[in-house]
Amino acid sequence: MHASALLEHYGYLAVFIGGLFEGETILMLGAYAVHQGYLSLWPLVACGAAAAFLADQFYFHLGRRQGAALLAKRPTMARHIARVNGFVSRHPAATVFLMRFAWGLRIVLPATLGLGPMRASVYTALSIPASLVWAAVVVLFGLKLTQLLHGLVGQLRPYEHVLILAALAIALLVALARQWRSRR
């Protein structure tokens with residue numbers, strides 16, 4: 001099966017699974033696929049938002065259930081949480097909306113909220129629109145960036161497979177590096 005056919009058939013699933021680990025990179029690739037006609041805009045936004053929502057829920061509930069034990073084992077994470085705890089405790093609702101855009105703090109912020117007094121139902125209710133807004137912003141930015149690149153570089157279609165593989169490799173390396181850093 002040709003790579004473009006694979007993208008058309010499994011693109012949304014790939015966006016969802018990849019989005020659980022590295023959201024922006026995957027959504028930017030998805031935006032390129034929308035620009036090229038392989039995927040559609042709103043299903044892409046929905047897949048990205050669903051992945052972001054589930055990842056945020058996971059880290060919130062991890063913080064709620066295992067937060068103290070996790071912080072005892074991971075002093076680096078404990079320092080990060082201590083650093084952001086003041087803002088989070090003063091502005092919990094704003095944190096839910098802003099954390100999707102806080103690169104490098106997307107594990108720490110939901111976990112910090114999970115350690116705090118916010119009810120899980122409130123977190124879930126705030127996380128749904130926050131994930132949707134974030135996914136829409138990233139995809140629309142990705143579309144504009146793709147249009148700009150096409151204007152500057154010309155048609156990228158002959159190189160799209162190499163670019164997609166390179167971006168996926170970068171996303172995987174970033175996700176592995178974040179996992180490695182979070183375990184220190």
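Mentor: Helix H2 (residues 23-35) and helix H3 (residues 41-73) pack at an angle of about 165°, their axes being 10 Å apart. This is a predicted model, in which local features need pLDDT of at least 70 and side-chain atom pairs count only at pLDDT 80 or more, while totals for chains, interfaces and linings use all residues. Residues are numbered from 1 along each chain as its sequence is written, and side-chain values use heavy atoms, with hydrogens and water left out.

Trainee: How are H2 and H3 oriented to each other?

Mentor: Angles run from 0 to 180 degrees between N-to-C directions, along axes fitted to C-alpha atoms over the stretch in contact. Under 35 degrees counts as roughly parallel, over 145 as roughly antiparallel, 65 to 115 as roughly perpendicular, and the rest as oblique. The angle of H2 with H3 is about 165°. H2 and H3 are therefore roughly antiparallel.

Trainee: Which residues make the contact of H2 with H3?

Mentor: Contact means heavy atoms within 4.5 Å. By class, this contact has five nonpolar, two polar and no charged residues; Ala, Val, Leu, Ile, Met, Phe, Trp, Tyr, Cys and Pro count as nonpolar, Asp, Glu, Lys and Arg as charged, and the others, Gly among them, as polar. H3 contributes Leu41, Leu44 and Gly48, and H2 contributes Leu27, Gly30, Ala31 and Val34.

Trainee: How do H3 and H7 lie to each other?

Mentor: Their axes are 8 Å apart, at an angle of about 140°. The contact of H3 with H7 comprises 18 nonpolar, six polar and two charged residues. By their angle, H3 and H7 are therefore oblique.

Trainee: What is the orientation of H4 to H6?

Mentor: The axes of helix H4 (residues 75-90) and helix H6 (residues 108-115) come within 10 Å and cross at roughly 65°. That makes H4, relative to H6, roughly perpendicular.

Trainee: How many residues of each class are in the contact of H4 with H6?

Mentor: From H4, His80, Ile81, Val84, Asn85 and Val88 meet Val108, Leu109, Ala111, Thr112, Leu113 and Leu115 of H6. The classes in this contact are eight nonpolar, three polar and no charged.

Trainee: How many residues of H6 are buried?

Mentor: Buried means under 20% relative accessible area, exposed over 50%, and partly exposed in between, with a 1.4 Å probe and protein chains only. H3, H4, helix H5 (92-98) and H7 are among what covers the buried residues of H6. H6 is largely enclosed by the rest of the structure, so the number buried, of its eight residues, is seven.

Trainee: What is the relative accessible area of Glu8?

Mentor: Glu8 is found in helix H1 (residues 3-19). The C-alpha atoms of Glu8 and Gly37 are separated by 8.9 Å, although 29 residues apart along the chain. Glu8 is partly exposed, and its relative accessible area is 43%.

Note on methods:
Helix = DSSP H or I, 4+ residues; strand = E, 2+ residues; numbered from the N terminus.
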